[in-house]
Amino acid sequence: RANSNRSRRQANEAGALPGNRLSLATGSVVFEARIGADQPAFVRQHRVQDRIILPGTAYLAALATVGRLLRPHSPCVVKDISIVEAMLIEDDGRTRTVQTILDPDGQDAFHVRILSRDSGTDGDWTLHLSGRIAIEDPATPLTSLREAQQVCSVPVPLDELYARFAALGLEFGSSFRTIRSLASGSSQALG
C-alpha cells in the first residue's frame with residue numbers, strides 16, 4: 001500500500017497529468033487530474049491564436065508516466081496516437097477535469113484515451129487523444145547521438161525559429177523556450 005500511495009503522489013506531481021489513479025471494479029485503469037491556466041503553471045505560457053491550449057507534449061508525458069507506473073521495469077511503446085481535439089483552457093480560473101483511461105487490449109497492451117470536461121459541470125466529456133500503450137521493446141533501434149549529428153548538420157538560429165512560430169500565432173512563454181541549440185537535416189531535427 002505504501003508503494004501504491006507513493007506512485008499516486010508521483011503521478012500527480014509530474015506536471016498534473018496523468019493525476020491520481022482511481023480504484024475501479026472493472027479492468028480499466030483510470031487516472032484523474034484537474035488542469036487550469038495556472039495548474040500546472042506552465043500551461044498559461046502555451047498559446048495558439050491567443051488561446052491557452054494544453055501542449056501535445058503534456059499528453060505524451062502523461063502516457064510515459066502511465067507506462068512507468070504500470071510496468072516500472074519494462075519499456076513501453078506509445079503507438080497509433082491521434083490528437084483528436086485540442087484542450088482549450090479558459091483564462092478565468094476555471095479548471096477542467098481530465099481523465100486518462102486505459103482499457104486492456106491484449107497481453108501487456110492498453111487502448112488509451114484522454115478526455116476532459118469543465119470541472120464545474122456534469123457536462124459531456126471531450127475526447128482529446130486516443131492511441132495504444134504496449135509494454136515492449138521499441139521495434140527500431142535507437143540512433144546514436146553521433147549519427148543524429150551527422151544527419152542534422154545545418155544550424156537553426158533560435159530567434160528565427162521562435163519568430164516563425166509567432167508569425168503562425170504560436171506563443172511560447174519562457175517555460176517553452178528551452179531549446180539551447182537546434183540543427184536540421186533533410187527531414188529531421190536535433191535539439
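Predicted model: local features only at pLDDT ≥ 70, side-chain atom pairs only at ≥ 80, totals over all residues.
1. β3 and β4 belong to an open sheet of 4 strands, ordered β6-β4-β3-β11, with antiparallel pairing. At the edges stand β6 (88-89) and β11 (170-172); each has a single partner strand, so one side of each is left without a neighbour in the sheet. As a reminder, strands of a sheet pair through backbone hydrogen bonds, either parallel or antiparallel.

2. **Strand β7 and its partners.** Now look at β7 (residues 95-104). Strand β2 (residues 29-36) pairs with β7 in the antiparallel sense over 8 bridges, and Phe31 has Thr100 of β7 as its bridge partner. β7 also pairs with β8 (residues 109-118), again antiparallel, over 9 bridges; here Val98 stands opposite Ser116 in β8.

3. **The turn.** β7 and β8 make a hairpin with 4 residues between them, and Gly106 in the turn has a positive phi of about 90°.

4. **Is β7 buried or exposed?** Of its 10 residues, 8 are buried, so β7 is largely enclosed by the rest of the structure.

5. **The cysteines.** Cys152 is buried, with a relative accessible area of 5%, whereas Cys76 counts as partly exposed at 25% relative accessibility. A disulfide is a covalent bond between the sulfur atoms of two cysteines. In this model the count comes to 0 disulfides.

Conventions:
Residues numbered from 1 in each chain as written. Heavy atoms only, no water. Disulfide = S-S within 2.5 Å. Buried < 20%, exposed > 50% of the residue type's maximum accessible area, 1.4 Å probe, protein only. Helix = DSSP H or I, 4+ residues; strand = E, 2+ residues; numbered from the N terminus. Pairing = 2+ DSSP bridges.
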